[in-house]
Amino acid sequence: MLKIDGAMGEGGGQVLRTSLTLSLVTGTPFEIEGIRANRSRPGLLRQHLTAVEAAAAVGGAVVEGAELRSSSLRFAPKGLRAGEYHFAVGTAGSAGLVFQTVMPALLKASGPSRLVLEGGTHNPSAPPFEFLASAYAPLVRRLGGGLELELERPGFYPAGGGRFVARITPPAGGELRPLALLERGGEVEEREACALVAHLPRSIGEREARKLVDLLGWPGGEVRVEEAESSAGPGNCVWIRAKWPYVTEVFSGFGEKGVKAEDVAKAAVDAYRHYLSVDAPVGVHMTDQLMLLLALAGAGRFRSLPPSLHARTNAEVISRFLPVDVRFEAEEGPGRVWSVRVVSREA
Amino acid sequence: MPRRKLVMIGLPGTRLDNGQGPLRWEKWRPTVALGQHEDLRIDRFELLHLPKHQELAEHLQDDLRLVSPETEVRLHAVHYGDPWDFEGVYEALHTFARAYPFDTDHEDYLVHITTGTHVAQICMFLLTEARFFPARLLQASPPERSQHVGPGDYRIIDLDLSRYDRLASRFAQDTQEARSFLKAGIETRNERFNRLIEQIERVAIASRAPILLTGPTGAGKTHLARRIFELKKSRRQVSGDYVEVNCATLRGDAAMSALFGHRKGAFTGAISDRPGLLRAADKGLLFLDEIGELGLDEQAMLLRAIESGVFLPVGSDKEVHSEFQLIAGTNRDLRAEVVKGRFREDLLARIDLWTFELPGLRDRLEDIEPNLRYELDHYARKNDSLVTFNKEARHRFIKRATAPDAAWRGNFRDLNAAITRMATLAQGGRITPEVVDEEFERLQRAWRRDADTPTAQADALLVRLIGQVAADHLDRFDRVQLADVITVCRASNTLSDAGRALFAVSRTQKTSSNDADRLRKYLSRFNILWESIKSLE
C-alpha cells in the first residue's frame, strides 16, 4: 500500500484529492497520514469527506478512516465504474473540487458517465464554474476526452445549493493524447466579462461592470451584468473570460460583505493582468489540473506562469502514483515563464 | 464497518432562526448554522416545532437542505400550550423523548440547546441530564463581530463527563430556578439548603411516603410544606386540599376529635358530626407541625391511619377512609422522645423514611440577602406600597444580620418580622441606616428575652441588673462570667452561700478562705452591690 504524507509541500486538501484521483486511475491503494497537516483545522472536513466518498463510489473503494477530522485514511479501489452519480457538497463548499477529483478517473472508465454535482459553484476558495466550462473542459477535449458541462443554477456561499451536470466520455482507444501547450497562439479571439449577481441589488453588478469597462477598456458590449434568479441564495462574482487560438482562461473575483463592488471587479482584472504579464498560455490554477491530465496521458509539456507550491506538491504526489516525473524549469530571460514537462521514468 | 450516524435534536428559535428573503443569509440563524460547520456533519436533524411554527420549520428544513445536503431533516410537531409553562413544555418534550426510537448502537445524538424558549432549553437540558435524551448537548454561538459571516462556533458538552463547568453552572442555576418553586422564588445561595430542596423536590414528586421536616422554629417548615403541596398539586399528584395543624394546639379529647372527627353526641358538646382534619385532607396533604406534641393515643390512631388509610372517629363504630400525604414537622429530637417514652417508636419509623433537616437562618447567612428581597416584595404586594433600602442601609442590614451576635432565634420568622417593622417605619418608602439600627436594637433585645438557654437567661439577668449599655461595654469573657456569678447570687440566700458555691473547688485546698469577701470584691469591680442583686425583681 502506497504511503502518502499529507503534510508534504503545501500540506492541504489537494494532496488528498490528487491521491484519490490517481488511486482510482491506477487502482493503487494508498494510505495517507497527516491529512491537511498544515491547515489551522487539520484533518478531514466535510468537503473532503464528500470528495473521499465520491471517489469511493466511483472506484468501489474500501475506505478506512473516513471520519470528520480524521488525519489518516486508507483507500483501496476495487474497480472504476462508469455511470450516473450524484454528489452534493455541504457548507456551500466547492462542487468543482469534487468534480475535479473524480473526473480524470472517469476518463479511464469503460464507458460514459454523467455526474450531477451540487453545492458551491462560485466559491472563493476554488475557480468558478466558468473556469471549468470554458478553460478546463476544452483542454480535456484537446487531450481526447469528452467533457460537457452545464450549469443549472449557481451556488454561492453561504447558501450553496448550486448545481451543474457533467457528461464525461472516455477518449477513443482509452488513452488520452499527450499535448504540448506552449503558446496562446496569437491575439484574443473572444472575450467577455460578467458581473453575476444573485438576489442582491442589480446596482452592485452595474458598479462592477462600470469598473470593468473602466479598467479593461473593453467596449460595453463585452461587459455585461447577469442576474442569477435561479440561485438559492445571494451572491456575487465577477469573471473575465478570454479566448486565444490555443487556450482559454478565466479569472474571477468574489463579492463579500464589506468588500466594495469596485474592488471585486478590480480583483478579477488584477488576476487577468497578472496572467497577461507573462507570455505563457497556462495560468496558475490550470497548471495543477493540466499536469495531472498530462501525467495520465503519459507525457506532455506546457509553458506557464511561475508554479505555486501547490503545483509542486501536486507534481510530487503524481510521481508517487505514476511512472512519470513533472519537471519545472524557469526559462532564460526576463519573462518569468516556466516550462513544465511531464516525462516518463520508464523510457 | 458503517459509520455511526450523527443525529441532531433541536427546536427552532422563533426569533433567532426567523428570516425572510436573501438577507436571511447574512443573519446568524443557529439552526441553519448547525448545517454550515465544516467539521460537523449531521446525518439527520429532528426539528421539534409547535404546530403554529410549521411554516418556519419548513423554511428551515429547506435552508438546511441547501447548506447541508448530507442531512435528512425531519419535522415533528410537538404540542404544548404555553412555551413558557415549565410543566407543559417538559411534558411534551418528555413524551417525544419517550417515543423516539433511539438507536445508540448505531447513532450518536446531540441536543441543540441554543434555541427555543428559555423554558424549553431548560427542559431539554433536564431531559438530557436525566438521559431521556441519550445525547450530548450542543451549544452554538454567533460568529464574532470581526468575522461578520459564517456559522459561528459550537461546543459539545457531554454531561456524563461532568466537564461542562460554565454551561452547567448556568443551567444548574436555571434548574435551581425551576426548583425555586419550592423556595417560593427565593434565589437561595446556601449550597446545603439548595441541595436539600433539590432532594425534597425529587422525593415530593417521586414518592407518596410521609416526609418529616425537622429544624428550629421559624426555619420555614410550614412554608415548605405548603410549597410541596402546591408542587404536587401542579403535577396532579394530589387533588384534595392542604390541611395544616400545629399539634401543640391540640389537647385532650379535643385533639382526637380535631384530627379524626367525631359522631354527633360522642361527648358533651359534640352537637353535630365533625369530619376531622384527616378526613379533610383526603386525596390532599396533611401537615402536622410539632408532631412531637401529639399525645400517645393520637399517635396510635395516626399510625393506623397512615398504614391502612382508615381510622375511627370519636364515638363512631364505623371506620372512615382517607388517603392523604403526610408531612410532619418537629423541632424536637424525636429519637430522644422515643427513649423517654413520649413518642411511639413505630410511628417515628413510619414517618422518618424521608427526614429533612431545615437549617436555621444562622446556618444560611448567605440567604439573608435573597430573603430580604423576597420579604420586601412580599410586603410590597401585601400592602401595595413599595419599600426599598437605601444602599447604605442595605449594607448595614446585611452586615448586622450576619454578625456573630445576630442570633436569629426565630429564624425566618424574625427576618419577616424585622422587614415588616422596618417597612412600616420607613419614611417615604426608604429604609435608612437609622431604621436598621433601631431594628437591630429591637432584635437583640428580643433574642435575649426569648433566650431559653441558661447562658442566655443569665445574660438577660445581667442586662436587667446593669443595663444594656453597660452590658454591651463588657468583654465577652467578663460578660459570661459575670452573668453566671449573678445567677448564683440570685439563687443564694447570703453572700457567704454564694461565695461557697462559686469557689467550691479552690476553697477545699486552702487553710483559710474568705469567699464572701472575694465575691464582694469581684462584684465591686463592676459596681455591683449584693443588695442590688437581691432586690432585683
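Predicted model: local features only at pLDDT ≥ 70, side-chain atom pairs only at ≥ 80, totals over all residues.
Good morning. In chain A, 70% of the contacts between residues at least 6 apart in sequence join residues at least 24 apart. Chain A contains eight helices and 16 strands, and of its 347 residues 58% count as buried.

Let me turn to the cysteines. A search of the whole structure, over all chains, finds zero disulfides. Take A:C194 as a case: the nearest cysteine sulfur belongs to A:C237 and lies 8.0 Å away, whereas a disulfide would require the two sulfur atoms to be within 2.5 Å. A:C194 is therefore in no disulfide. A:C194 is also buried, with a relative accessible area of 0%. In chain B, B:C489 is likewise buried, its relative accessible area being 0%.

I now move to a helix pair in chain B. Two packed helices are described by the angle between their axes and the distance between the axes. Here the pair is α13(B), residues 368-383, and α15(B), residues 411-425. They pack at an angle of about 50°, and their axes are 10 Å apart. The two helices are therefore oblique to each other, and α13(B) passes α15(B) in a right-handed crossing.

Which residues make the contact? From α13(B) they are B:I368, B:N371, B:L372, B:E375, B:L376 and B:Y379. From α15(B) they are B:F412, B:L415, B:N416, B:I419, B:T420, B:A423 and B:T424. By class, the contact residues of α13(B) and α15(B) comprise eight nonpolar, four polar and one charged.

Thank you.

Terms used
Residues numbered from 1 in each chain as written. Chains lettered and ligands numbered in written order. Heavy atoms only, no water. Axes fitted to C-alpha atoms, helices over the stretch in contact; angles between N-to-C directions. Helix = DSSP H or I, 4+ residues; strand = E, 2+ residues; numbered from the N terminus. Parallel < 35°, antiparallel > 145°, perpendicular 65-115°, else oblique. Left-handed = near helix turned anticlockwise from the far one by under 90°. Contact = heavy atoms within 4.5 Å. Nonpolar A, V, L, I, M, F, W, Y, C, P; charged D, E, K, R; others polar. Buried < 20%, exposed > 50% of the residue type's maximum accessible area, 1.4 Å probe, protein only.
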